[in-house]
Amino acid sequence: MEKDMQILHHIRQNPFITQQELADLIGISRSAVAGYIAQLTKRGEIKGRAYVLRDEGMIACIGGANLDRKARGKQQVRLHSSNPVTIMESCGGVARNIAENLGRLGCNTSLITSVGEDKEGEWLLQETKKHGVHISQVWRLPTQRTGTYTALLDIDGEMVVSLANMDIYDTLTPEMFAEKWSHIAAAHVVFIDTNIPADCLAYIIERCREENILLFVDPVSSIKAKKLPQQLDGVEAILPNREEAELMAGMKITTIEECAEACRKIRERGVKHVIVTLGEEGIYYQSEDVEEHMLPYPTEVVDVTGAGDAFASGLLYGIVNGESFQRACRLGVAASALTLQTEQSVSPLLKAEQLELAVEQFEKER
């Protein structure tokens, strides 16, 4: 193997390897390594000081990673009183869930988020890493607590109240993302959720526009969607649910025709593709040239938690594998159907073969 190819091989294994470590592995001088790296950088094979490689089909997921707790009452919940409950803990956060889904689908995926130097943060990262997600770009902040989301459910499963402690994300700044930009810019696709501050969202959107990087955005909630800048030039696609789309378009959505109008209004802000998730009604997708209402695939619904994240994951899987937006949307719908069949936010049923089979079956039956 040629020396430059050996260097690329080792950098793929560890993008933060030093020039001296490369020299020791290959058996040449450090100055010779520096020369090869200069040539590789000039050729565009390497981007940035961290030696992050281009065109590896990587998806960088930026946003929330939380510890989710569900406390379910053993009897009807009584306010202002002690209630016996059963508690279940799981990994959560939109960006983290999507990163894990993509890892399960075999995609080269990196998570960029922040956690505290606490047991919750360590558990989140190790569980995420198990599924092949790169966690080297995560900030571990010693003075902050890892984000948590706690929901109290009544005996019938209806939510009584939820509590979110997400203060850790307020400490993120555009300068922090600038320091990681060589890693972000090397991704084939960047995904962001709106858990991060408004100035960070604006910074990432603008840089992706300037550098022609495919950027996908999940508004997360109607409240957090307000953090997005009015102009969204540079956003390849945005994935609101009905309520978030209503807020972004400034109108109610009660029919598919109104959904189409809302998508047009959102696209006027600069977004190329708008995909509105409509729960039991499926999704509505619109771009300049194409629009389609896709019904959900028939499936047994056990729990709706995580279905939206699964849709985004299937969509991104399709995009990095060269599918059209329409077929990528079908892969997203298939991923949602698989996730609806389990109580878990990230379904163990999610596999690339299962997605492809579901879409092929649907297309045969049309």
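Glutamate 261 and arginine 264 form a salt bridge, with their closest N and O atoms 3.2 Å apart. The model is a predicted one. Both residues belong to helix H11, residues 256-267. They sit three residues apart, about one turn of the helix. Glutamate 261 is partly exposed, at 29% relative accessibility. Arginine 264 is also partly exposed, with a relative accessible area of 34%.

Helix H4 (residues 94-104) holds another pair, glutamate 100 and arginine 96. Here the spacing is four residues, again about one turn of the helix. The closest N and O atoms of this salt bridge are 2.9 Å apart. Glutamate 100 has 6% relative accessibility, so it counts as buried, the limit being under 20%. Arginine 96 is buried too, at 1%.

A third pair reaches across the chain. Arginine 145 forms a salt bridge with glutamate 120, the closest N and O atoms being 3.9 Å apart. This pair links distant parts of the chain, 25 residues apart. Arginine 145 lies in the loop between E8 and E9, and glutamate 120 in helix H5 (residues 119-129). Arginine 145 is exposed, with a relative accessible area of 54%. Glutamate 120 counts as buried at 12% relative accessibility. Both residues are part of a salt-bridge network that links Arg69, Glu89, Asp118, Glu120 and Arg145. The count of salt bridges comes to 16.

Now look at threonine 146. Threonine 146 is in the loop between strand E8 (139-141) and strand E9 (148-153). Is threonine 146 buried or exposed? Its relative accessibility is 3%, so threonine 146 counts as buried. Its side chain makes a polar contact with the side chain of aspartate 118, at 2.6 Å. The threonine 146 side chain also reaches the backbone nitrogen of glycine 121, at 3.2 Å. Beyond four places away in sequence, threonine 146 touches residues including Ala65, Val115, Leu124 and Ile168. Glu120 is also among its contacts.

The last stop is helix H2, residues 19-26. Which residues of H2 are buried? They are Gln19, Leu22, Ala23 and Ile26. These residues cover an arc of only 100° around the axis, so they lie on the same side of H2. Helix H1 (3-13) and helix H3 (30-42) are among the elements that cover them. Glycine 27 follows H2, and its phi is positive, near 85°.

Key
Residues numbered from 1 in each chain as written. Predicted model: local features only at pLDDT ≥ 70, side-chain atom pairs only at ≥ 80, totals over all residues. Heavy atoms only, no water. Helix = DSSP H or I, 4+ residues; strand = E, 2+ residues; numbered from the N terminus. Buried < 20%, exposed > 50% of the residue type's maximum accessible area, 1.4 Å probe, protein only. Polar contact = N/O pair within 3.5 Å; in protein donor to acceptor, adjacent residues only side chain to side chain. Contact = heavy atoms within 4.5 Å. Arc of directions from axis to C-beta. Salt bridge = Lys/Arg side-chain N within 4 Å of Asp/Glu carboxyl O.
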